[in-house]
Each structure stands twice: as C-alpha cells, then as structure tokens.
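Please look over the sequence and the structure below before reading on. The paragraphs that follow take up the confidence of the prediction, the contact between the chains and the division into domains.

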Amino acid sequence: MFTRYQLDGAYDEMFKPDATPRTHYERLYQRLLRLPPDELTRREQAAELSFLQQGITFTVYGSEEGTERIIPHDLLPRIVTGNEWDTIERGLAQRITALNLFLKDIYHEARCLAAGVLPRELIYTCRHFRREMRGVNVPRDIYISVVGTDLIRLPDGRFAVLEDNLRVPSGVSYMLANRQVMRHVFPLMFRNYGVRPIDHYGQALLQTLRALAPSQRPNPTIVLLTPGVFNSAYYEHTFLARQMGIELVEGRDLLVHDQVVYMRTTAGLQRVDVIYRRVDDDFLDPLAFRADSTLGVAGLFNAYRAGNVALANAIGTGVADDKALYAYVPAIIRYFLDEEPILPNVETFLLTDETQRQYVLEHLDELVVKAVGESGGYGMLIGPHSTRAEQEEFRARIMEQPRNYIAQPTLALSRAPCFIDGQIEPRHIDLRPYILYSGEAKLVPGGLTRVALTRGSLVVNSSQGGGSKDTWVVDP
Amino acid sequence: MLSRVADSLYWMSRYLERVEHSARLIDANVVLALDQAPAFAEQRWARLLASLHATAPEGASDARSITDALTFDRSNRASIITSLGAARDNARQVREQISSEMWEQLNRLFLQVSQIGIEDIWNIQPHAFFRSVKEGAHLFQGLTDATMNQGEGWHFMELGRFIERASATAALLDAQFAHYNRTEDEEERPQAMNQYLDWVGFLKSRTAFEAYCQVYTADLQPERIAEFLLLNPEFPHSLRFAAGRINRALQAIVRVTNSRRSGQAERLTGRLRATLEYAQIDEILSGNIRAYLAEMQEQCAQIHSTIHEVYFAPPLAAVLN
C-alpha cells in the first residue's frame, strides 16, 4: 500500500520524519494496512457515484452543452488535531476581526494611514478600493460576513496564512459534500475517531446573514444572488440556498424602487432585506459600477447606501485581500487589536520597493510571483517549475507594473496521503477554513482541504486540476 | 415563488407537451401513409402543418422532408428538437426547483433526439423513434407527478401543459374540419375507405381511437368525433378536460399567491370551463364550427397573456401600488 510513499523535506501530515505515523493518524494507518487494495478502489467508486448522483458538479467554461463535471475527490481524510484547530480558530478570529476594523477605518477616518501603518498609495492604487464606499455606514459595521482564508503548513509544522478571500469565497459546498459522502463510504471510522461535526454550517450562515438585517424588520427576507446557471459555482449557489431555505435569485428578479429592493414573485413584489451576493462588486449595479453588467440590479448601490438593504459581503472588501496589502496584515493586527498575530504570514516581497524588486528579479527561478488582483491560481509564476521564457515574460511585466505583483519564497506545502491508482502516495495540500463574522468570528471545525493531484505540483486550485478531500478535526 | 421561476416551469411544461403532441401527430401520419393513396397522404401532411401553424420546408413537400423539418430542424420553431431544447433550457434555469429525476429524464431525452437525424430513422423504424419520444415525454410527466412537490410550481406546470393541450386540440380539430367541410361542399367525397382511414388517423393522432370506441363503438361519425374531442369530460385530451384542469390549476395558484390582480385570469379560465361544460355539440355544429374553434384558440391565447401579465412579467405600475 505504502510502497510508493516517500518522505521529503515537506511536512508530512501522516508520518513523522522517522516514518512512524503521527498519533492522530495511527488508527487510519492501521485501517489502511488491513484493507485489501480492491476494497479502497470499490469505495472510491462508491464515493464518485455518490457525487455524480447528488449532482455535485462544477460547470466547465466554454463547452456548448453545459458540461458538468464532478470535482476530483480524494478518498483519504486529512486529519487535524483539536489542539491545532484551536490555534487556527483563534488565529483566524483575530485576523478577521482586525481586517473588519481595518475596512471600517479605510472607508471612514483612515486613521491607520495617518499613523503610517501602511503606505497610502497601496490603498489608492488598489483596483478593489471603492471610493463610492467612503463614509457609507454598513449594518453593524460588518464588512466581511463570509471569509475563506487559505492556510498552508510550513515545514516546521506551524500553520501560516497564504491568502485571505474577503470578496466572494467559494468551495464551502464541497466541504459539506465531502463529509456527506465520506460518512457513507467510511461509516466505521467515523464511529472510532471523534470527528467534530460541520453540518450546522447552513444554519450558522443563515444566522450570520440575519444579523445584518435592520432591527425593525423582525422577519427579514434573505436571498442569495447568483450570476446564473453559467457561473462555475452555480451548483454551490443552489446548494446553499436549499440548505438555508432562502430564495435563489438573479439580478433580473430584483428591482429597486424608492431606494428599496424588491423581488418579483407571483404574489407581487416582496421586499428584500439581506442579499448574500455571489456576484463581484463590478457587476452588482450597472448604475454605480460597470455599466455593461447584466447580472446586477440598477439602483442597488443607492438602496444600500440608504441603509435599506444589507449586502454580504459589503462592497469594496477586496481592498483588504489584495496580495500586496497581505504583507501588512500583521501590522494591521498589531495596530487595531494591540496583539501579536497568532498565525504567521508567509514572507512576501513587495515589488514597488526598489531593493526587494532587485532581489526578486535576480531570483525569479526560486520564487513564486503572483498577480495581486487575481485568484484561482491564474497569473502565477512558480519559479522552480518555470521555463526561461516564462521568467522573462514575468520580468517584463514586473518592470512595467510593479504594483501588480508580489513574490514569495517557493514553499514546500505540507503533504498528505492520497489514494491514487490503487496506491497511497503523498500529495501537496492546503486548507481553507470558512469564517463567519457577525460581530464575532465563528468557524465550523473543518474546511476545504485542496489537493494538488499531479505528483510534485504545488497548485491546488480546482480550476487548475486540483481536487479536494474531507477534513477532520478530531479530539483524542 | 419568483416570477422567473414560475415562468420557466410553465414554459418547460408547455414545450414538453408540444413535443409529445408533435411526435404523436407525425407518427400517426407516417403510419397512415402506408395504407393510403399518395394524394390523400399529401393532403393530410398539409393539414398537419396547418394544425401546427407551420409551413412546409421550401421546395419540398414529400413526407420525408416534412418529417425532417418538423423533427430535427433546429432553425424551425415548430420542430421537436427546438421545443425539446427550449424545455431543457427552461429546466436548467430552475434546476433546484425540479427533482433530479425530472432533470435527468429531460436531459436524456434531449440528448437522444439531438444525436440522430432523419437518415437514421426514415428507412428503418420511424415509428419506433416517435414512440420513444412520446414515451420519453410521458416518463417525464410521470416523474413530475411522482417526485415533485405538488405546490405552486407544479400548478404552473399543469397550467402550461393544459393550455398547450387545449389550443393544440382546437387547432387540430380546426384543420380537420376545414378539410372535411371543403370535401363535403365540393361533392367529391373520397372513397369511403380513405375517408374512414382519415378519421382513424385523426383520432389516433390524439390517442383517442380506443377511447372513442369505448364510448361510441367503431362507428366513426364526424359529429361524434367532434363531440368526443371537444366535450368529453373524462378523456384527458379533450378540450373540456383541459379547460377543467386549467381552471383548477389557476384556482390553486390564486389560493397560494393571494393576489389581488388575479380576477381577470379567474374570469377567463372559469368562462372557458363553463362554456365547454354546458355546450351541446348540435349547437356548435349548427353554427360555424371553425369560428367556434377559432374562438377557443383565442380564449387560450387570452388566458396565456393574462397569466403572463399577472404572474410572470407584471407591468411595474401594477405591482408597485
């Protein structure tokens, strides 16, 4: 089973450097040794069938008949101990609380800029900074209700933050679906392991959204705004709407009259109080933002500014997950909370800085370069895996627009056992927990563990051939 | 329920009813052509086109080209593949409102028809093909009734299905009687056998032959046939039956939505139902039956546009106050 399993410099989730299993993986390890290989293959097929039958798919762009594929799924759970999780939970709660204060400050007095916590031009040159939001009061000062933060494990075993997703993070439906499927496929292991439950996510999300509703609306109408069936995350939108029992709407289902948002129903217009929007800022309101958007609602921004409707997340939160701003998050935590960051950042080079840029340009073959405004693994150069030509291309781009890029050391993401072609092999993984913030941060114990399914690859994004696996937080 | 969702459910159901109707019509015609003289067959294709409000493809009036145009031609708005595609597009919009079984069946049926052409069916087994399309549509209907909550959405599907059925039945009767009256007037009544086969084909295209025989025996009288397809309260493809279902579905929707604007729709569907419930075939036939059938189609069209205006796309002025 483990004949193709070799340890290297990266942190291995299952094995200690001396090749004995870590305590919390011991039971899984023993179970795997006793299972005949065909049995795992059989369960893998059962899991895949289950995904397909539940319609847990994502849409592949560009295919005419709307091809839907199941997201690649790995059979073996990734296990995190309760202790490790508690650190993650405190660290993320701290980070999100600070970022929320930061957003409020940036769109009001901007004290942190005056205090020199971070350079002014970093904000004003950010593509996701929304001038329109300055001075706008958002309900209960909550800017980021739903967050997905990507963590990686460093070679020394500590978790570090790789990036924050404060706009419209996706993937939480896979976290829930993975768990559902695993319970069917490995019922016995669940009984033995003491895995913390995550199934209350839908309910927690609903409470988070409800917290945004105006107090004079005791039975608020909450809707999920989707870009529509052609969006790659459409499955997730339908899934979450069903889990929460709220209406799934498109822009054309809504209208604004006298600065109040309504949805068109067969019983007439119904007032909408909270919108969990899965549409980017740019497309929300053709009158305020991109005029060519057909996904949004004309007049929505005015209704929002008037306080007649709440949005989750607020408009303009992208300024706080800009990859260049990321480097200043530890300083932001210290400034707003007067605390030391619990979860470290990854070392980051800012290319607007002369000396740092010089260093990066000389070491392009060792570093990872990322475009600041991109996500989903697009616009990335992974130095050690790149060709000369690619490096030259990035060199030219950096010289032209240094503000658009950052660089980080190539990190050996930790590795976890995966079931691949009838054998167990290590693959690089990360972890995206989902944080709900409604004045205080709430996490369900788990997250989306993304897997780079190609051997040696460090890219875990599903749009780039990554898969996912169930994440267990276990108490001994 | 969101207006857009109701609209999609309504049209999904309507398009599928259209698919089933066309498949049945074409099938009956193709089979009948085996027994009849070519001249009669040609007339009957012309009637079929008229009843579907379609025209023959340019430069071709033979059975194969017409069947092709009405089945596989994606540029023809009256073709089976166009209706199936439209039904599927509507279903995609409301994927979370219908059951997975319904979606899978509709998708399967669409893929089945979209992957073949006239050359695959014409020389071998056109009947088997059209039967499988009919069965595919029936299976969808069965799955709908067995797996979907029979709430507001389901009632909008009923509405779409029976409005389509009512107007298609009226259009079909109209085309048939237009032909029948003409041959009557011109006193060139065709041989009894061809005439008989014509009526058999007509009834079969409404899956009504056996049901008719149970009520009236195999003595095929145009008056009785008209009575059966217009006024029979129990036959699911009669106009009266459809009008009853339209009225029932609308009343259910009115109860759920509690809308103040539904008065006109209630009046129209109630009138159509009552007209057919209290009508007598002798009265209809002593007047101008074609005008009567045109009136029925007009009433269906009015009901549709009223429902559209009340539930799917109300003018803003109406909903804002």
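How many residue pairs does the rule find in polar contact across the interface of chain B and chain A? In this predicted model, the interface of chain B and chain A holds seven residue pairs in polar contact, with both residues of each pair at pLDDT 80 or more. The elements of chain B that each give two or more residues to the side touching chain A are α1 (3–32), α4 (80–93), α5 (100–114), α8 (152–185) and α16 (316–320). Sorted by class, that side of chain B has ten nonpolar, four polar and six charged residues.

The extent of the interface can be given in two further ways. Counted by residues, 20 residues of chain B are in contact with 23 residues of chain A; by area, chain B and chain A bury about 2000 Å² between them, and 50% of this is on carbon and sulfur atoms. Two salt bridges are counted between chain B and chain A, and a salt bridge also joins the side chains of B:R4 and A:D253, at 2.6 Å from N to O.

The model scores ipTM 0.82 and pTM 0.86, while chain B has a mean pLDDT of 89, with 96% of its residues reaching 70 or more. Among the elements of chain B, the highest mean pLDDT (95) belongs to helix α12 (residues 239–257) of chain B, and the lowest (77) to helix α9 (residues 192–204) of chain B. Where pLDDT is low, the predicted coordinates should not be read in detail.

Chain A is divided into domain 1 (23–343 + 411–474) and domain 2 (349–409), and the C-alpha centres of domain 1 of chain A and domain 2 of chain A lie 26 Å apart. Their contact takes 21 residues from domain 1 of chain A and 16 residues from domain 2 of chain A, and the area buried between these domains is about 1500 Å², of which carbon and sulfur atoms give 51%.

One salt bridge is counted between domain 1 of chain A and domain 2 of chain A. A:D322 forms a salt bridge with A:R403, and the closest N and O atoms of this pair are 3.3 Å apart. The side of domain 1 of chain A that touches domain 2 of chain A divides into ten nonpolar, six polar and five charged residues.

Conventions
Residues numbered from 1 in each chain as written. Chains lettered and ligands numbered in written order. Heavy atoms only, no water. pLDDT = per-residue confidence, 0-100. Helix = DSSP H or I, 4+ residues; strand = E, 2+ residues; numbered from the N terminus. Contact = heavy atoms within 4.5 Å. Buried area = accessible area lost by both parts, 1.4 Å probe. Salt bridge = Lys/Arg side-chain N within 4 Å of Asp/Glu carboxyl O. Polar contact = N/O pair within 3.5 Å; in protein donor to acceptor, adjacent residues only side chain to side chain. Nonpolar A, V, L, I, M, F, W, Y, C, P; charged D, E, K, R; others polar. Domains from an automatic or database assignment.
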